[in-house]
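Please open the model in your viewer and keep the sequence panel beside it. The tour below goes from one selection to the next, and at each stop it says what is to be found there.

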Amino acid sequence: MVVDPFNVSGKIDYDKLIDKFGSTLLTPSLLDRLGNLARKRGMKLHRFLRRGIFFSHRDLEKILTAAETGQGLYLYTGRGPSSAAMHLGHLVPFLMTRWLQAALGVPLVVQMTDDEKFLWKGEYDEAAGDYDLDRFRALTVQNAKDIIACGFDKDRTFIFSDVDYMGHMYPNVCKIWKSITYNTARAAFGFEGSSNVGQSAFPAIQAAPSFPSTFKVPLGNRDDLACLIPCAIDQDPYFRVTRDIAHKIAPKSHPLKGKPALIHSKFFPPLQGAMGKMSSSDDNSAIFLTDDDATIERKIMTHAFSGGRERGGKRVIQVRFNMSRETAKLQRELGADLEVDVAFQWLKFFLEDDGELASIEAQYGSGSGDYWNTAAVKKRLVVELQGLVKDHQAKRDVLTDADVASWMAVRELAPAL
């Protein structure tokens, strides 16, 4: 198992990750408090929370206290624009953040780390005599359309490019740089002598939005707002380091002494198997938000790893519609291994109906009923994803570059509800 901000691979043991990172498991009492806040706005607890997909946290109890008492808070999440087409895994933190914004009625800042992607993936073009930084700035606009299509509250959402907003962030970036030693950064992020100096400097730029004073205009010059960051757990090292030095950046009146709070998600598995996380670099490992119905069906039916059991050292895998009598017999007898079956795991992320999911789980896990086999479960997933992606595309397709510019305009956001 390898989990850091730049690499996720192997079979992920989330209990070990909690111990390694020093975070805390979400408890039923915390979920009850969050659910109570949501119910006041006519909402129920998000399926990601009901099903343990968001599973770990730092200081969520203090965030809930701030929400319950009206002390003031905001949300912070982000996206590194490395490709024009985002995939389903990229949607997970944004869907959670959208729900949190609606449930808590609070402002949100969305960091587009075009600088980070350039520092890690950018290239010098000998023919043009220049670097390709503008390519990542263009990807920022395209990815912002996907983010806007998720349904955020525009009056309370500020999307910003690091390259464009750096002047506003720079005072806090300088303070963070001064507060973190290179030895600390190297230990946390694994920087080596071959790392360019921009990579070594970048963690402070990702840390800066944790402090409300970075957003003097959007957040109304409030430097005492608490910050909650929904993210996948591989991003936690950035904010562990931030939390250690936060008291040097925030005022003494800050309710968490400047520390950002976090709520961590599990990884969205690739099609080939429930190990690591989905990647944009492998087209057949992911469903992209630009895929059409036929492509979604082909990828799911052909590439989604099946949870057939092992018997006598032989794995039973049903990938296509047709299976032998012996395979069918074993599947009915043994059921599926739901922990490794990608189609079922993806349904846990995207199928809203708890009762239907429980029925599929019971039938598929026991080899009985309408969902006794992989093909039936995959077909159900195909229908769900086709609807989700088509709805997303309809919302995205009407957005223009001018619309994106209006979301990225430096302006004062509406106050919390």
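Begin by selecting isoleucine 300 and showing its surroundings: leaving out residues up to four places away in sequence, isoleucine 300 touches Leu271, Ile287, Trp346, Lys378, Leu381, Val382 and Leu385. Bear in mind throughout that this is a predicted model.

Now extend the selection to the largest nonpolar core, which has 75 residues, and in which Leu49, Leu88, Trp99, Ile159, Ile300, Trp346 and Leu385 touch the most other members. Helix α5 (residues 88–104) is the element that gives the most to this core, namely 10 residues. At least three residues of this core come from domain 1 (2–268), and at least three from domain 2 (293–396). Another core, of 34 residues, lies apart from it, and among its members you can pick out Phe160, Met166, Ala208 and Val241.

Next, colour the chain by its two domains, for which the domain assignment gives residues 2–268 as domain 1 and 293–396 as domain 2. The contact between them takes 18 residues from domain 1 and 16 residues from domain 2. About 1600 Å² of area is buried between domain 1 and domain 2, and carbon and sulfur atoms give 58% of it. On the domain 1 side, select Arg51, Leu88 and Phe268, the residues that lose the most area to domain 2 and that together account for 39% of what that side buries.

At the start of α16, show the side chain of asparagine 373, one oxygen of which reaches to within 3.0 Å of the backbone nitrogen of alanine 375.

Which residues surround asparagine 143? Asparagine 143 lies in helix α7 (residues 133–148), and its contacts, not counting residues up to four places away in sequence, are Arg79, Gly80, Pro81, Ser82, Ser83, Ala84, Met86 and Met112. The side chain of asparagine 143 reaches the backbone oxygen of serine 83 at 2.9 Å. Asparagine 143 counts as buried because its relative accessible area is 0%, under the 20% cut-off.

For a contrasting pair of stops, select asparagine 221, in the loop between α10 (197–207) and β10 (226–232), and then lysine 257, in the loop between α11 (236–245) and β11 (261–265). Most residues other than glycine have a negative phi, but asparagine 221 has a positive phi near 60° and lysine 257 a positive phi of about 55°. Asparagine 221 is exposed, with a relative accessible area of 54%, and lysine 257 is exposed as well, at 62%.

Finish at tryptophan 407 in helix α17 (residues 401–407). Is tryptophan 407 buried or exposed? With a relative accessible area of 7%, tryptophan 407 is buried. Neighbours within four places in sequence aside, tryptophan 407 is in contact with Ile148, Phe152, Asp153, Lys154, Thr157, Phe158 and Ile159.

Methods
Residues numbered from 1 in each chain as written. Predicted model: local features only at pLDDT ≥ 70, side-chain atom pairs only at ≥ 80, totals over all residues. Heavy atoms only, no water. Helix = DSSP H or I, 4+ residues; strand = E, 2+ residues; numbered from the N terminus. Buried < 20%, exposed > 50% of the residue type's maximum accessible area, 1.4 Å probe, protein only. Polar contact = N/O pair within 3.5 Å; in protein donor to acceptor, adjacent residues only side chain to side chain. Contact = heavy atoms within 4.5 Å. Core = buried A, V, L, I, M, F, W, Y, C linked by side-chain atoms within 4.5 Å. Domains from an automatic or database assignment. Buried area = accessible area lost by both parts, 1.4 Å probe.
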